[in-house]
Amino acid sequence: MRYTKEHKAETRHRILETAAPLFRRRGFNAVSVNQLMSAADLTRGGFYAHFDSKDSLIEAILTRDAGLVKMLRDRVEDLEEGTETDLLKILQDYLNPDNLDEIIEGCPLATMPVDAARAAPNIKAAYGNRLSALVNQLEKGFDDKIEDTDDAIAIAILAVGGVLFARASASNEDGEKIQAACIRQIEKLVSD
């Protein structure tokens, strides 16, 4: 039986939607194709109708517009007076300890850097492209507030690194201190 294009697209989307949080929570190597397809309530054979390999799936996940990049892009596209304040609020929310679980569920930049560093070149490139997209959005959004690309890179590192290190902290208190320090440094970079 042949499936329609719509059915194939829906199945591919289902695989991506199931895989992304599994990889963010457990890491690339800790999730097998069998586990992924079982979680998606699909058969293993169906995986290969959509992806050549697990690496091609990971690359597809990293090329999707998600997490902090998407939040900033959505806002930067509506550039208006006072946007810098709105973008700073997004970064403050991103680094808010109360939002850590939500950020971990949605932002591949903060949850996949170690896996990407150990991965194949195409996955490293996809992760690097997401990071470049973040820097680009920060440059556009804070155009009048930051001096140069180095400041946008620093903001990206503080935001993503703050979530990454807070997640890895031994205690919530340590994580909160890390996130608070990162947001203070971002505020200094974007202040007049």
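Residues are numbered from 1 along each chain as its sequence is written, and because the model is predicted, local features need pLDDT of at least 70 and side-chain atom pairs count only at pLDDT 80 or more, while totals for chains, interfaces and linings use all residues. Side-chain values use heavy atoms, with hydrogens and water left out.

Begin by selecting helix α1, residues 5–26, together with helix α4, residues 54–63, which pack at an angle of about 85 degrees with their axes 10 Å apart. Helices here are DSSP runs (H or I, at least four residues), numbered from the N terminus, and axes are lines fitted to C-alpha atoms over the stretch in contact, with angles running from 0 to 180 degrees between N-to-C directions. That angle makes α1 roughly perpendicular to α4, a label that covers 65 to 115 degrees.

Next, show the side chains at the contact (heavy atoms within 4.5 Å): α1 brings Arg12, Ile15, Leu16, Ala19, Ala20 and Phe23, and α4 brings Lys54, Leu57, Ile58, Ala60 and Ile61. By class, this contact of α1 with α4 has 9 nonpolar, no polar and 2 charged residues, where Ala, Val, Leu, Ile, Met, Phe, Trp, Tyr, Cys and Pro count as nonpolar, Asp, Glu, Lys and Arg as charged, and the others, Gly among them, as polar.

**Leucine 57 and the core**

Stay with leucine 57, which touches Ile15, Leu16, Ala19, Phe23, Leu36, Phe47 and Phe51 when residues up to four places away in sequence are not counted. Leu57 and Tyr94 have the most contacts inside the largest nonpolar core, which has 58 residues; such a core is a set of buried Ala, Val, Leu, Ile, Met, Phe, Trp, Tyr and Cys residues joined through side-chain atoms within 4.5 Å. Select helix α11, residues 149–168, to see the helix that gives the most to this core, with 8 residues.

**Threonine 11**

Return to helix α1 and pick threonine 11, which counts as buried at 11% relative accessibility (buried means under 20% relative accessible area, exposed over 50%, partly exposed in between, with a 1.4 Å probe and protein chains only). Leaving aside residues up to four places away in sequence, threonine 11 touches Leu42 and His50.

**Salt bridges**

The model has 7 salt bridges, each a side-chain nitrogen of Lys or Arg within 4 Å of a carboxyl oxygen of Asp or Glu. Select arginine 25 and glutamate 105, whose side chains meet in one of them at 2.9 Å, N to O. Arginine 25 lies in helix α1 and glutamate 105 in helix α7 (residues 100–106), so the pair ties together parts that are 80 residues apart in sequence. Arginine 25 is partly exposed at 45%, and glutamate 105 is also partly exposed, at 32%.

Move on to arginine 130 and aspartate 65, where the closest N and O atoms are 3.5 Å apart. Here arginine 130 sits in helix α10 (residues 121–141) and aspartate 65 in the loop between α4 and α5 (67–76), 65 residues apart. Arginine 130 is buried, at 11%, whereas aspartate 65 is partly exposed, at 33%.

Finish in helix α6, residues 83–94, where lysine 89 and aspartate 93 are 4 residues apart and so separated by about one helical turn; their side chains meet in a salt bridge of 2.7 Å, N to O.

Definitions and conventions. Helices (H or I, at least four residues) and strands (E, at least two) are DSSP runs, numbered from the N terminus. Angles under 35 degrees count as roughly parallel, over 145 as roughly antiparallel, 65 to 115 as roughly perpendicular and the rest as oblique.
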